[in-house]
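User: Could you show me how to read the packing and pairing in this structure, with the general idea ahead of each case?

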Amino acid sequence: MRAKKSASFDGAVAFAQDLIRIPSLPGEERELTRRVIGEMDALGYDEAHTDELGNAIGIVRGGDGATAMLSAHLDMVAEGDHGEWEYPPFGGVIAEGCLHGRGAMDIKGPLALQVHVAAALRGRTPGDIIVAHPVYEERGGWGMDHLTRVDGGLRPDVVIIGESTHGDIAIGHRGRCEVEIVGYGLAGHASAPDRARNALDLAPAILAGVKDLSAAQETDDVLGRASVVATGVDAVPASLNVIPDRVTVTLDWRILPVDTEENLLARVRDAVAPYLERLEADGWPGARESVEVRVATERQRAYTGVEEERSILSPGFLMEPDHPVVLAAARAVGKPGGDGSGGAATVRPWTFATDGGWTCGVRGIPTIGFAPGEERFAHTNTERLDLDEARWGYERYLELVPAVQSAADRRD
Ligand SMILES: [Zn+2]
């Protein structure tokens with residue numbers, strides 16, 4: 001397609017302002033997606049379309065070398081009380097050298113840069129560039145899981161995630177899993193406890209097991225220590241004159257890339273078993289069989305109408321710091337503010353989870369992160385993107401994309 005618009009940093013900033021003005025909570029990304037596809041078409045992408053979940057996918061064809069995928073995400077977190085913002089959350093205001101508003105750095109600013117960078121690189125890359133911005137990143141990454149699914153999904157050779165790194169190269173993060181430990185008893189009137197079996201009696205045993213589990217978490221040299229903590233106890237029925245027949249203890253577990261759903265659940269079962277045995281010995285019959293361990297789920301609905309019951313599990317990932325793609329990325333980007341000649345960029349993990357858990361942790365595709373923006377502004381009412389840093393990031397992206405494509409190619 002012939003381009004109606006030429007790619008540029010200033011064009012990307014104007015595009016980002018438009019994106020900030022279109023709210024896009026998870027499941028409500030339709031209008032934003034239309035704007036993104038419109039920009040890809042105007043910039044002369046070879047293809048621009050959405051899939052059944054509403055993910056935005058654009059392609060700029062290059063040589064027959066490795067295909068790179070650039071990815072941000074279409075959704076945002078809620079903006080909260082508008083009165084608490086110095087600049088309006090959906091204003092797209094530029095002031096004090098920064099772009100302001102919800103999504104300025106997480107992630108509509110970087111998204112806009114990626115869309116323009118791919119067009120600017122037309123005819124200058126060893127392989128195709130896929131620009132894929134999925135839905136539902138902020139709720140566990142259903143969009144990216146779907147985009148890279150084994151059956152019929154995209155198979156890029158290397159992925160660059162546009163979550164803020166403040167100019168560094170990110171190579172991984174811990175994941176997160178929400179686990180529910182459910183204990184079943186026998187409901188009864190609170191006036192006649194002998195006829196009931198109080199599910200709440202199971203809670204201390206479960207919590208004691210979780211304490212042991214928490215003490216036994218492993219440490220990764222780069223990502224740090226996994227952590228697990230109980231964050232809720234709910235009893236059902238909730239009426240205060242009824243003995244509950246169900247208690248649910250919920251765990252927030254920051255997991256390492258090696259952790260799988262199966263091994264997480266098995267470790268919880270092992271941790272609580274001795275305490276439930278003791279409870280049985282103390283006269284709570286069948287305590288062990290009365291407890292079920294599962295990953296929490298949530299029913300999600302895409303704006304296209306597709307629905308799915310999703311496990312609340314965001315996988316972690318970690319690239320080897322000396323992987324050729326990481327080394328090439330760090331060299332291409334260079335030191336913050338520089339032109340790439342003054343030594344390699346800092347390589348480090350993110351503290352938060354991204355869609356890289358899906359692309360690398362689950363699907364095994366080499367993945368790194370690079371984007372301007374400071375993490376401390378994410379999800380806050382002072383969200384902003386420094387435009388000098390963004391301009392530098394745009395220029396570094398032009399070197400970064402072909403560099404990781406060449407490195408990915410050499411590896412195969
Ligand atoms: Zn984000």
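User: How do the axes of helix H1 and helix H3 cross?

Analyst: Two packed helices are described by the angle between their axes and the distance between the axes. Here the axes of H1 (residues 9–20) and H3 (residues 108–120) come within 8 Å and cross at roughly 135°, where axes are lines fitted to C-alpha atoms over the stretch in contact and angles run from 0 to 180 degrees between N-to-C directions. Helices are DSSP runs of H or I with at least four residues, strands are runs of E with at least two, and both are numbered from the N terminus. This is a predicted model, in which local features need pLDDT of at least 70 and side-chain atom pairs count only at pLDDT 80 or more, while totals for chains, interfaces and linings use all residues. Residues are numbered from 1 along each chain as its sequence is written.

User: Which strands form the open sheet, and in what order?

Analyst: Strands of a sheet pair through backbone hydrogen bonds, either parallel or antiparallel. In this case the order is S4-S5-S24, with antiparallel pairing, two strands being paired if DSSP finds at least two bridges between them. S4 (94–95) and S24 (384–386) are at the edges with a single partner strand each, so one side of each has no neighbour in the sheet. S5 (residues 98–100) pairs with S24 over three bridges, and Cys 98 stands opposite Asp 386 of S24.

User: What is found in the hairpin of S1 and S2?

Analyst: S1 (residues 47–50) and S2 (residues 56–60) are antiparallel over four bridges, with Gly 58 of S2 as the bridge partner of Ala 48. Five residues lie between the strands, and Gly 54 takes a positive phi near 95°.
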